[in-house]
Amino acid sequence: LAAAPVADSLGAWASLVATWLLARRIIDTWAWWIAIDAGLAALFAWQGLAMTGALYLAYALLAFLGWRSWRRSRQPA
């Protein structure tokens with residue numbers, strides 16, 4: 001049995017919603033992905049899955065760096 005089935009399910013559903021938003025070209029998905037990945041990293045670390053938690057923390061970092069790069073490219077020179 002899962003240690004936190006509601007939190008795990010919430011993370012999965014939030015990821016599906018973020019993917020749907022991305023497919024709809026809604027550009028504000030950066031914050032969604034950062035929050036989802038950071039939350040899942042904490043959940044997996046709490047469950048003792050350190051490597052999976054580290055992977056999702058890396059995903060959150062990549063989403064943050066991508067958002068920052070995108071934001072800088074949108075500013076007028």
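Visitor: How many helices and how many strands does the protein chain have?
Guide: This is a predicted model, and what follows is computed from it. From the N terminus on, the elements run α-α-α, and the C-alpha trace spans about 50 × 25 × 10 Å along its principal axes. The count for the protein chain is three helices and zero strands.

Visitor: What percentage of the residues in the protein chain is buried?
Guide: The protein chain exposes about 5,800 Å², of which carbon and sulfur atoms supply 69%. A residue is taken as buried when its relative accessible area is under 20%. Of the 77 residues in the protein chain, the buried share is 21%.

Visitor: Which word describes how α1 and α2 run relative to each other, parallel or antiparallel?
Guide: Helix α1, residues 5-23, packs with helix α2, residues 29-46, at an angle of about 160 degrees, and their axes are 10 Å apart. Angles over 145 degrees count as roughly antiparallel. The crossing of α1 and α2 is left-handed, and the angle means that these two helices are therefore roughly antiparallel.

Visitor: How are α2 and α3 oriented, parallel or antiparallel?
Guide: Helix α3 covers residues 50-74, and its axis comes within 7 Å of the axis of α2, crossing at roughly 165 degrees. α2 passes α3 in a left-handed crossing. Since the cut-off for roughly antiparallel is an angle over 145 degrees, α2 and α3 are therefore roughly antiparallel.

Visitor: Which class has 16 residues in the contact of α2 with α3?
Guide: Among the residues that meet here are W30, W33, I34 and F44 in α2, and Y56, L57, F64 and W67 in α3. The contact of α2 with α3 has one charged residue, three polar ones and 16 that are nonpolar.

Visitor: Is G11 buried or exposed?
Guide: G11 is found in helix α1, and, leaving aside its neighbours within four places in sequence, G11 is in contact with I36 and L40. Its relative accessible area is 10%, and the cut-off for burial is under 20%. G11 is therefore buried.

Visitor: Which residues does T29 contact, leaving aside its neighbours within four places in sequence?
Guide: T29 lies in helix α2, and at 4% relative accessibility T29 counts as buried. With its neighbours within four places in sequence left aside, the contacts of T29 are A18, L21 and L22.

Visitor: What is the phi of R25, and is R25 buried or exposed?
Guide: R25 has its place in the loop between α1 and α2. Most residues other than glycine have a negative phi, whereas the phi of R25, a residue other than glycine, is positive and near 60 degrees. With a relative accessible area of 75%, against a cut-off of over 50%, R25 is exposed.

Note on methods
Residues are numbered from 1 along each chain as its sequence is written. This is a predicted model: local features need pLDDT of at least 70, side-chain atom pairs count only at pLDDT 80 or more; totals for chains, interfaces and linings use all residues. Side-chain values use heavy atoms; hydrogens and water are left out. Helices (H or I, at least four residues) and strands (E, at least two) are DSSP runs, numbered from the N terminus. Buried means under 20% relative accessible area, exposed over 50%, partly exposed in between (1.4 Å probe, protein chains only). Accessible areas come from the Shrake-Rupley method with a 1.4 Å probe; for residues, only the protein chains shown count as cover. Axes are lines fitted to C-alpha atoms, for helices over the stretch in contact, and angles run from 0 to 180 degrees between N-to-C directions. Angles under 35 degrees count as roughly parallel, over 145 as roughly antiparallel, 65 to 115 as roughly perpendicular and the rest as oblique. A crossing is left-handed if the near helix is turned anticlockwise from the far one by less than a right angle, and right-handed if clockwise. Contact means heavy atoms within 4.5 Å. Ala, Val, Leu, Ile, Met, Phe, Trp, Tyr, Cys and Pro count as nonpolar, Asp, Glu, Lys and Arg as charged, and the others, Gly among them, as polar.
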